[in-house]
Amino acid sequence: MQAELIEIRNHLAQHAPFDEMPEETLDKIVAGIEVTYFRAGADILKFGERNSHLHYIRSGAVEMYRRTGELYNRLGEGEIFGQYGLLMSKTVRFPVKAIEDSLIYLIPDEIFQYLWKNDDNFTDFVEVEDRSRLRSALSRRRRSSQPMTARVTRLISREPVTAPISVRLQEAARIMTEEGVSALLLMDESGDGSRLSGIITDRDLRTRALSEALPSETPISDIMTDSLITTSSNSFIFEAMLTMLHNNVHHLPVMEGDTIRGVIALSDIVKHESQSSLYLVSNIYQQQDVQGLKRLSKEVPSTFVRMVHEDANSHMIGSAMAGIGRSFSQRLLELGEEKLGPPPVPYCFMALGSMARDEQLVVTDQDNAMVLDDSFDPAQHDEYFLALAKFVSDGLADCGYTYCTGDIMATNQKWRQPLKVWKEYFADWIENPKAEALLNSNIFFDLDGIFGRTEYTEELKAFIAERASNSQRFLAMLARNALNRTPPLGFFRTFVMDEGGKQAKTFNLKRRGTAPVSDLIRVHSLACGSKAQNTFNRLKAIAGTKLIPEDGVDNLRDAFEFIAIVRIRHQALAIEAGREPDNNVRPEDLSPFERSHLKDAFQVVSQAQKFLKFRYHAQVARNV
């Protein structure tokens, strides 16, 4: 092969969708290519004219337009255009003009059709919309990750073992022994039919009955768990795992409507190949001091890497890592209470930010606060809660969760307040919104109770949801702040790099990628009165409204997932290479596939930010 053709083939091989093709296919393409040149300002394709080539940009940049003359897209080196017409009677649907002097490779229609029929990756890539390509890329990942899509019913090995709620302690223990089960479901048979009312486990028998030397005739209802956590028979195994992580339970009844299908145990999920994070969580609660937790925290990065290699999606990884972080916090709070004694008044320890959203990764600091009972008296009680907060914060720092540089921790007296004061904080932020104050308090709109009286946090969520959805000024100000962080995509769909310092020639996939998405979705979620915290769950709530166009939710979900997965893989590669993981990515370290689809995802985010600005600024204008 001539040197010139080899150079063309090598360039194609660097860019999607050609980067996954075998050499013989690339040779076939190169053999039919024509090389053309267009000066800046020249028309390349005109609307309605015949087109018989797929166009590949070797150098330069072009703009695509809708038939109305509205700008549709900008493309640069390594990107293709003209496929829309080849799929639609070989007629140009999107006119194209060179905006720089451009060298274009023309790939004949017969080769395009051959690739379309014989190469699935190519077919997926050239679907009609950039967003469809992004969705196709994600669907291929989902299809390749079967363990993540297995239903929880796969783990049910037998019929559920039940007993009437009136059964006595000794009889309950006998049934569990004879049936060889570690959990017994208790049924209330009063009224019409039988309904699930509680659960008793081996652990409950040890900690609530034997350790207290309760009589054998004690009603089982005295020690059963009646605030049941269950899962649906339609749930995936990974969702059941996240439920266990989030609620620190070891048994989950599986329900099909009002019917009990069975019970799955922690051990059932641990046996599943993708559930290694549960080993770690289980061990966290067995540690007797901070040093034990510190030693165990060394396993967090390897747990993260294992999940990445198992092709877990970003929701599962983020939720599992947040579950691990919660478990460290919860065990530290238990150890703190053992050291300091019981709390003088009830309280709730509250996680904020990524942990509250179930989107935590390995590069994270600690963001937390305390909601105290309204009977709290600083003079009498605050010495205890400050000591407890300091014990937990120092312990988290020992376990790799660094101190918050903005001092958003329960050790700060401002964030260690009674419920009524927290309501005053949120009322002021919502009813008297100021840009700088909201910028500093933004993290508090992602909150989750993880220990103690978690109903305090639920009350705050309800308070926020009601007030925020009725304040257009607040939503407009929050939207304005959400536009401060933009995706790193330049005018010609090139990546915009950070300048100066050790992060020069990189872009930050958290600050410029996932954070802008979570920021704008938070605004829409609060606008529709949702109490959801996780970004994917917020999108579900938004989907039930008309806040954004119909396809907007799907596009944002796909964009967020792809950006998050690239960020996750970047951190996993750093850990495996023995480097400190971070969020700063160099484009040359990404595959052509990742570069191409990141541009698609960033374009979705950019359009969503434009819509956010229009919607909430326009609403304020109408309400002035």
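**Close-up views of a predicted model**

**View 1. Lining of the largest cavity.** The lining residues of the largest cavity divide into seven nonpolar, six polar and two charged. Here Ala, Val, Leu, Ile, Met, Phe, Trp, Tyr, Cys and Pro count as nonpolar, Asp, Glu, Lys and Arg as charged, and the others, Gly among them, as polar. The model is predicted: local features need pLDDT of at least 70, side-chain atom pairs count only at pLDDT 80 or more, and totals for chains, interfaces and linings use all residues. Residues are numbered from 1 along each chain as its sequence is written, and side-chain values use heavy atoms, leaving out hydrogens and water. Strand 15 (residues 347-352) gives the most to this lining, with three residues. A strand is a DSSP run of E, at least two residues, and a helix is a run of H or I, at least four, both numbered from the N terminus.

**View 2. Centre of the largest cavity.** The volume of the largest cavity is about 90 Å³. Of its 15 lining residues, Met355, Gln360, Asp365, Gln366 and Asp367 are the closest to the centre. A cavity is a set of points on a 1 Å grid over the protein atoms alone where a 1.4 Å probe fits but cannot get out; lining residues have an atom within 4 Å of a point. Points are joined across faces, edges and corners, and a volume is the space filled by probe spheres set on them.

**View 3. Methionine 176.** This residue lies in helix 7 (residues 169-179). Methionine 176 is buried because its relative accessible area is 3% (buried means under 20%, with a 1.4 Å probe and protein chains only).

Key:
1 Å grid on protein atoms, 1.4 Å probe; cavity = no way out; pocket = protein on both sides within 12 Å on 5 of 7 lines; lining within 4 Å. Buried < 20%, exposed > 50% of the residue type's maximum accessible area, 1.4 Å probe, protein only.
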